[in-house]
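Notebook open, model loaded. I'm jotting down what I look up as I go.

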Amino acid sequence: GMHTNIQAARRQFELKSGDRYILYSDGILDTSCKDGETGKKCKLGLKGLLNLIQKYKNLPLPQMVDAIWKAILIICHYKPKDDMLLVAFEIPANGD
């Protein structure tokens with residue numbers, strides 16, 4: 001839902017050629033999954049998302065986003081419990 005009086009920290013980043021930035025909603029982090037060893041219910045969390053980013057980081061950006069998205073859908077058995085947003089952009093190389 002909509003919230004009022006939200007406070008957020010301001011951060012500045014130096015954008016460098018070739019850098020990739022990935023934005024995501026909390027629905028991605030809250031994706032339910034089962035622990036492979038124990039079978040207990042767990043959440044993907046930031047660690048899980050970072051693992052997926054690391055796994056697919058060498059793909060071209062559109063394929064990387066697709067691969068991460070497909071992996072998340074598989075994890076939640078194609079039944080997300082919350083809205084999910086995953087957006088990425090890459091700073092072009094000089095001259096591109």
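**Entry 1: a threonine**

I started at T31, which is buried at a relative accessible area of 5%. My cut-offs: buried is under 20% relative accessible area, exposed is over 50%, and partly exposed is in between, with a 1.4 Å probe and protein chains only. This is a predicted model, so local features need pLDDT of at least 70 and side-chain atom pairs count only at pLDDT 80 or more, while totals for chains, interfaces and linings use all residues. Residues are numbered from 1 along each chain as its sequence is written, and side-chain values use heavy atoms, with hydrogens and water left out.

Where does T31 sit? I found T31 in the loop between α1 (26–29) and β2 (32–34). Helices (H or I, at least four residues) and strands (E, at least two) are DSSP runs, numbered from the N terminus.

Next I listed what T31 is in contact with (heavy atoms within 4.5 Å). Skipping neighbours within four places in sequence, I get C42, K43, L44, I72, I75, C76 and M84 for T31. I also looked at its side chain: a polar atom there lies 3.1 Å from the backbone oxygen of G27.

I checked I28 on its own: leaving out residues up to four places away in sequence, I28 touches L44, L49, W69, I72, M84, L85 and L86.

**Entry 2: the rings**

How many aromatic pairs are there? I count two, with this rule: rings of Phe, Tyr and Trp (its six-membered ring) pair if their centres lie within 6.5 Å, and planes under 30 degrees apart are stacked, over 60 edge-to-face, the rest tilted.

F13 and Y21 have ring centres 6.4 Å apart and planes at 65 degrees, so I logged that pair as edge-to-face. Y21 and F89 are stacked, at 5.3 Å centre to centre and 20 degrees between the planes. Y21 lies in strand β1 (residues 20–24) and F89 in strand β4 (residues 86–90), so this pair ties together parts 68 residues apart in sequence.

For accessibility, F13 is exposed at 55%, Y21 is buried at 19%, and F89 is partly exposed at 36%. I noted F13, Y21 and F89 as one aromatic cluster.

Key. A polar contact is a pair of N or O atoms within 3.5 Å; within protein, one must be able to donate a hydrogen and the other to accept it, and residues adjacent in sequence count only if both atoms are side-chain atoms.
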